[in-house]
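Work through the exercises below with the model open. Try each task before you read its solution.

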Amino acid sequence: MSERGRKYGAEGIVVYYQPRLCIHAAECVRGLPEVFDTQKKPWIQPEHAAADAISEVVERCPSGALHYERLDGGQAEAVPQFVSADLMPDGPLYLRGPMAFRNDSGAVTFETARAALCRCGASRNKPFCDNSHLEAGFKAAHVRIALEIVPGKVGEL
């Protein structure tokens, strides 16, 4: 497995899957069940759809567990210019936008454009959600927030 995740290739596209980030939101399964089918081995079969359709569905993945690389000259994965946040009802914080996660010494350990972060405090994969909020009985309202992060500026909330 590469640092980008497990690799599933077909003509025109490679799909990467990082299982440790997946929270089973099932956007992929609902969007292209012929490609993303958890009842099959391998569960990702990109040869069953066009690269454009696959890339559109992969970008719906709220956790960032799925990414793609176009091999056919098609549009690269979109990274929004600004960060947006959705605090999901009784669940995680979905972030979209350019993000870098750093360790205690300040080194970047992970970069992504989509992430599902833990809000309940019970995740065993912090800062990422692992669906522990379901067992914990976490309750919180849905809130949508638009943030504008200025590159090169670091601040505290």
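## Exercise 1: A strand and its surroundings

Strand E6 (residues 108–117) is largely enclosed by the rest of the structure, because seven of its 10 residues are buried. Keep in mind that this is a predicted model.

**Task.** Find which strand E6 is joined to, and by how many bridges.

**Solution.** 
1. Strand E5 (residues 93–102) is joined to E6 by eight bridges. The two run antiparallel.
2. Check one end of the pairing. Arg 102 stands opposite Val 108 in E6.
3. Check another pair. Leu 95 has Ala 115 in E6 as its bridge partner.
4. Now take the hairpin of E5 and E6. It has five residues between the strands. Gly 106 takes a positive phi there, near 95°.

## Exercise 2: The sheet that holds E6

**Task.** State the strand order of the sheet that contains E6, then say which strands stand at its edges.

**Solution.** 
1. The sheet is open and has four strands, in the order E6-E5-E4-E7. The pairing is antiparallel.
2. E6 and E7 stand at the edges. Each has a single partner strand, so one side of each is left without a neighbour in the sheet.

## Exercise 3: Arg 114

**Task.** Decide whether Arg 114 is buried or exposed. Then list its side-chain polar contacts.

**Solution.** 
1. Locate the residue. Arg 114 is found in strand E6.
2. Apply the cut-off: buried means under 20% relative accessible area. Arg 114 has 3% relative accessibility, so it counts as buried.
3. Look for polar partners. The side chain of Arg 114 makes a polar contact of 2.4 Å with the side chain of Glu 77. A polar contact of 3.4 Å joins the side chains of Arg 114 and His 67.
4. Arg 114 touches Val 58, Glu 59, Cys 61, Pro 62, Ser 63, Gly 64, Leu 66, His 67, Glu 77, Leu 95, Arg 96 and Met 99.

## Exercise 4: Salt bridges

**Task.** How many salt bridges does the structure hold? Describe three pairs and one network among them.

**Solution.** 
1. The count is eight salt bridges. Side chains of opposite charge can pair when their charged atoms come close.
2. Start with Glu 27 and Arg 30. Their closest N and O atoms are 3.0 Å apart. Both residues lie in helix H1 (residues 27–31). They are three residues apart, about one turn of the helix. Glu 27 is partly exposed at 28% relative accessibility, while Arg 30 is exposed at 55%.
3. Go on to Glu 56 and Arg 60. Their side chains meet in a salt bridge of 2.7 Å, N to O. Glu 56 is partly exposed, with a relative accessible area of 42%. Arg 60 is also partly exposed, at 32%.
4. Next comes Asp 86 with Arg 144. The closest N and O atoms of this salt bridge are 2.6 Å apart. Asp 86 lies in strand E4 (residues 84–87) and Arg 144 in strand E7 (residues 143–146), so the pair ties together parts that are 58 residues apart in sequence. Asp 86 is buried at 15% relative accessible area, whereas Arg 144 is exposed at 63%.
5. Finish with the network. Salt bridges link Asp 52, Arg 70 and Asp 72.

Definitions and conventions: Residues are numbered from 1 along each chain as its sequence is written. This is a predicted model: local features need pLDDT of at least 70, side-chain atom pairs count only at pLDDT 80 or more; totals for chains, interfaces and linings use all residues. Side-chain values use heavy atoms; hydrogens and water are left out. A salt bridge is a side-chain nitrogen of Lys or Arg within 4 Å of a carboxyl oxygen of Asp or Glu. Buried means under 20% relative accessible area, exposed over 50%, partly exposed in between (1.4 Å probe, protein chains only). Two strands pair if DSSP finds at least two bridges between them. A polar contact is a pair of N or O atoms within 3.5 Å; within protein, one must be able to donate a hydrogen and the other to accept it, and residues adjacent in sequence count only if both atoms are side-chain atoms. Contact means heavy atoms within 4.5 Å. Lists of a residue's contacts leave out its neighbours within four places in sequence.
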